[in-house]
Amino acid sequence: MLRVSYMLFGALAIGTMFVILGLVTMIAGGLMALVQRDLKRLLAYSCISQMGYILLGVGFGTELGIQGGLFHLLNNAIYKVLLFMCAGAIVYRVGTSNLDELGGLGKNMPITATLFVVGALAISGVPPFNGFASKWTIYVAGIEAGQPICTAIAVVMSALTLAYFLKAINLMFLGQRPEHLREVKEAPPLMLFPMLMLAAFCVVFGILPGLGIDLVRPAQGAVMNQLGYIGSVMGAG
């Protein structure tokens, strides 16, 4: 999509459009997630918000920006799947994703709670998890591209992401445990294993971001080659 967009509309036009769409998507998704009382809807809107970071990074049109955007795309596929799987484990054991009907599950499902916290910190861009590595790359790319306001908005939205995930953690795993949840059990091992693997990737790609960057480097090169092709055509013209 990125290669075709740059080829059809040109780097300047499509880059500006991506930056604008990225900011709108980031803000709208974050604000909608903040007011949700259902866990699955909260995760869905937070996923929309994270798409904004990807568009923003790629929209900067620099090598570092494209690298950060694609790296964040990879990281988003990791921690967001982890969060949705944690939500699935909770629904499997409790039967609801309504945050108002949950509470105190940290005592019943400590492993699921810990893994959800890992995913929440990763998506919020807290070190040393993978979301911090890709978001930091996007922040640096924004400063280098002369977009300090866009970068500041992205930082603020990361703080907002942390805020609504802390709210969700508090409602689900802390506080008073309803009587009907006292017999809830931890998720089965077959559900926990893939969640543990994804959490491990969140840590590994956060501590060793070069591993994740190497995975997206071919896609980054393809987009950069497209930009180079456009530049050569414009220069020849």
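In this predicted model, aspartate 214 is partly exposed, with a relative accessible area of 46%. The side chain of aspartate 214 meets that of arginine 217 in a salt bridge, at 3.1 Å from N to O. Both residues belong to helix α9, which covers residues 209-236, and they stand 3 residues apart, about one turn of the helix. Arginine 217 is partly exposed as well, at a relative accessible area of 40%.

**Salt bridges**

A search of the whole structure finds 2 salt bridges. Besides the pair in α9, a salt bridge joins the side chains of aspartate 100 and arginine 37, at 2.5 Å from N to O. Aspartate 100 is located in the loop between α4 and α5, and arginine 37 in the loop between α2 and α3, so this pair ties together parts that are 63 residues apart in sequence. Aspartate 100 has a relative accessible area of 48% and is partly exposed; arginine 37, at 38%, also counts as partly exposed. In general terms, side chains of opposite charge can pair when their charged atoms come close.

| Residue | Relative accessible area | Class |
|---|---|---|
| Aspartate 100 | 48% | partly exposed |
| Arginine 37 | 38% | partly exposed |
| Arginine 217 | 40% | partly exposed |
| Aspartate 214 | 46% | partly exposed |

**The nonpolar cores**

The largest nonpolar core has 52 residues, and those with the most contacts inside it are Leu56, Leu82, Phe116, Phe165 and Met172. At least two residues of this core come from each of the helices α2, α3 (39-59), α4 (63-94), α5 (110-123), α6 (130-144), α7 (148-173) and α8 (189-207). The largest share, 10 residues, is supplied by α7. A second, separate core has 12 residues, among them Leu2, Ile66, Leu70 and Ala133.

Leaving aside neighbours within four places in sequence, leucine 56 is in contact with Phe18, Val19, Gly22, Leu23, Met26, Ile138, Cys150 and Ala154.

Glycine 52 is found in helix α3. With a relative accessible area of 0%, glycine 52 is buried. When residues up to four places away in sequence are not counted, glycine 52 touches Gly22, Thr25 and Met26. Gly22 and Met26 are also among the contacts of leucine 56. Glycine 52 and alanine 141 are 89 residues apart in sequence, and their C-alpha atoms are 15 Å apart in space.

**Aromatic residues**

The structure holds 5 aromatic pairs. In one of them, the rings of tyrosine 164 and phenylalanine 165 have centres 5.3 Å apart and planes at 40 degrees, so the pair is tilted. Tyrosine 164 counts as buried, at 0% relative accessibility, and phenylalanine 165 likewise counts as buried, at 0%. Phe116, Tyr164, Phe165 and Phe173 form one aromatic cluster. Two members of this cluster, Phe116 and Phe165, are listed with the residues that have the most contacts inside the largest core.

Threonine 151 lies in helix α7. At 6% relative accessibility, threonine 151 counts as buried. Its contacts, leaving aside neighbours within four places in sequence, are Tyr139, Gly142 and Ile143.

Glycine 146 has its place in the loop between α6 and α7. Glycine 146 counts as exposed, because its relative accessibility of 52% is over the 50% required for that class. Glycine 146 and aspartate 214 are 68 residues apart in sequence and 26 Å apart in space, from C-alpha to C-alpha.

Leucine 31 is partly exposed, with a relative accessible area of 46%.

Methods: Residues numbered from 1 in each chain as written. Predicted model: local features only at pLDDT ≥ 70, side-chain atom pairs only at ≥ 80, totals over all residues. Heavy atoms only, no water. Buried < 20%, exposed > 50% of the residue type's maximum accessible area, 1.4 Å probe, protein only. Core = buried A, V, L, I, M, F, W, Y, C linked by side-chain atoms within 4.5 Å. Helix = DSSP H or I, 4+ residues; strand = E, 2+ residues; numbered from the N terminus. Contact = heavy atoms within 4.5 Å. Phe/Tyr/Trp six-rings, centres within 6.5 Å; stacked < 30°, edge-to-face > 60°. Salt bridge = Lys/Arg side-chain N within 4 Å of Asp/Glu carboxyl O.
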